[in-house]
Amino acid sequence: IPFGSNDPSAEAVRLPTVAGQFLQACYFKTTATQRKGVLLFGIEFGSDRWSCLPYCEALLAAGYDVFAYEPRNQGQSDKIPEYEPLQWLTDHEIADAQAALAYLKNRPDHDPKRLGFFGISKGANTGLALMSREPIIRCGVTDGAFGMISVMVPYMRHWVRIYNSNFLVHGILPYWFYASIAKAGIRRVQRKRKVRFYQLEAALRRIRQPLLMIHGAADSYIK
């Protein structure tokens, strides 16, 4: 998990949410003579806001401002009691992303026409969810994005195959059968953790903006 160092060139931002918490964020202004646009950066699970720099140094030099924030219960942002974040996207992270977007809309130097998103792993998932409902985001880049059901089902097939090598059990049973079991499990975990997990697969169908999705061929977790 990448971490960065506090950079004094960034503008420190304490970002309020509708739930009353505050998020720690940083705003980097481009080093180019003319700004081309503004990028909202989604950090990966367990990382901090300064981790955006290795990804965005070339973008800052090319003319883009970059805004990165830490969602609740991550980094130095406020904590919600009894909430333990996982790699899966929940309603908490969606609300935090919307708060970050509202902040960018209301800045005195905001750019209403040139707002993009760049996200890594769980932060990429947040960006896809945001793009599906916020047309002000004109384009997006994701690295290592993943859905929930589409990750669970291949692992479910793998685990069943370990305990039962009969192809009739693990090979012929259709995708929807495993997906229905996965959804039932998700509902139980939601009640236990008092959160709502976000189904990214449905959101992807609503995205109409230009989107570049990057995924490492050597990724051992998400195939």
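How many aromatic pairs does the structure hold? There are ten of them, where rings of Phe, Tyr and Trp (its six-membered ring) pair if their centres lie within 6.5 Å. Keep in mind that this is a predicted model, where local features need pLDDT of at least 70, side-chain atom pairs count only at pLDDT 80 or more, and totals for chains, interfaces and linings use all residues. Residues are numbered from 1 along each chain as its sequence is written, and side-chain values use heavy atoms, with hydrogens and water left out.

**Aromatic rings**
- Trp88 and Phe146 make an edge-to-face pair, 5.9 Å centre to centre with 75° between the planes (planes under 30 degrees apart count as stacked, over 60 as edge-to-face and the rest as tilted).
- This pair links distant parts of the chain, 58 residues apart: Trp88 is in the loop between strand 4 and helix 2, and Phe146 in the loop between strand 6 and helix 4.
- Helices (H or I, at least four residues) and strands (E, at least two) are DSSP runs, numbered from the N terminus.
- Trp88 is buried at 15% relative accessible area, and Phe146 is buried at 7% (buried means under 20%, exposed over 50%, partly exposed in between, with a 1.4 Å probe and protein chains only).
- Phe177 and Tyr178 have ring centres 6.0 Å apart and planes at 85°, so they are edge-to-face too.
- Phe177 is partly exposed at 31%, whereas Tyr178 is buried at 3%.
- Tyr27, Phe67 and Tyr103 are linked into a cluster by ring pairs.

**Charges over rings**
- Arg107 has its charged end over the ring of Tyr27, 3.6 Å from the centre, and Arg14 does this with Phe22 at 4.0 Å.
- To count, NZ of Lys or CZ of Arg must be within 6 Å of the ring centre and within 35 degrees of the ring normal.

**Two packed helices**
- Helix 4 (residues 149-163) and helix 6 (residues 175-193) pack at about 110°, with axes 9 Å apart.
- Axes are lines fitted to C-alpha atoms, for helices over the stretch in contact, and angles run from 0 to 180 degrees between N-to-C directions.
- That makes helix 4 and helix 6 roughly perpendicular (65 to 115 degrees; under 35 is roughly parallel, over 145 roughly antiparallel and the rest oblique).

**Positive phi in a loop**
- Asn73 has a positive phi of about 65°, and Glu82 has one of about 70°, although neither is a glycine.
- Asn73 is buried at 15%, but Glu82 is exposed at 75%.
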